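User: I am new to this structure and would like a close look at one part of it. Please take the salt bridges and go through them in order.

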Amino acid sequence: MIEKVNASEWGGFGIEKATFDFISNNISEGSVFIEFGAGIVSTRELGKLYNLWSVEQHLPFCGLYKNVNYIYAPIVNGWYDTKILKEKLPKKSACVLIDGPTKHAPAGRGLESRTLMKQNMDLFDKDSMFIFH
């Protein structure tokens with residue numbers, strides 16, 4: 001059972017409640033789920049439902065929750081280190097949520113980094129659902 005999350009925790013730099021609801025209504029509980037950009041609320045809540053793999057470039061955000069598989073991948077050429085991702089990402093996943101990195105993105109919104117992610121689609125299971133936040 002998911003604990004209620006305070007409405008003020010959703011949104012801001014993280015995913016909105018509507019996005020979380022869409023995910024939880026469309027991705028089977030226990031599925032492998034990859035999140036780019038570890039956070040506080042989304043990572044905590046997704047980790048309760050899924051076999052969550054969270055890719056993060058900031059070491060302080062890695063290891064916040066025990067039930068999450070963190071992949072520390074520093075930024076190389078504007079995006080996560082692809083050498084690390086090739087080695088550590090799960091081969092199969094039900095969903096990939098792209099919510100980072102934002103450090104190198106215009107106005108902190110991640111548009112440039114999303115383009116770089118799309119250039120690395122060969123790293124992912126083509127049957128996954130992709131959500132660009």
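The answer below goes through the salt bridges, then turns briefly to the sheet.

Analyst: The model is a predicted one. Across the whole structure, a search finds three salt bridges. Side chains of opposite charge can pair when their charged atoms come close.

One of the salt bridges is between Asp21 and Lys17, where the closest N and O atoms are 2.5 Å apart. Both residues belong to helix 1 (residues 17-26) and are four residues apart, about one turn of the helix. Asp21 has a relative accessibility of 28%, so Asp21 counts as partly exposed. Lys17, at 38% relative accessibility, is also partly exposed.

Glu45 takes part in a salt bridge with Arg44, with 2.7 Å between the closest N and O atoms. Glu45 and Arg44 are both buried; for Glu45 the relative accessible area is 1%. Glu45 also meets Lys48 in a salt bridge, at 3.2 Å from N to O. Because Glu45 and Lys48 are three residues apart in helix 2 (residues 41-49), about one helical turn separates them. Lys48 is partly exposed, at 33% relative accessibility.

Strand 2 (residues 51-56) runs parallel to strand 3 and is joined to strand 3 by four bridges. Trp53 stands opposite Asn69 in strand 3.

How values were computed
Residues are numbered from 1 along each chain as its sequence is written. This is a predicted model: local features need pLDDT of at least 70, side-chain atom pairs count only at pLDDT 80 or more; totals for chains, interfaces and linings use all residues. Side-chain values use heavy atoms; hydrogens and water are left out. Two strands pair if DSSP finds at least two bridges between them. Helices (H or I, at least four residues) and strands (E, at least two) are DSSP runs, numbered from the N terminus. A salt bridge is a side-chain nitrogen of Lys or Arg within 4 Å of a carboxyl oxygen of Asp or Glu. Buried means under 20% relative accessible area, exposed over 50%, partly exposed in between (1.4 Å probe, protein chains only).
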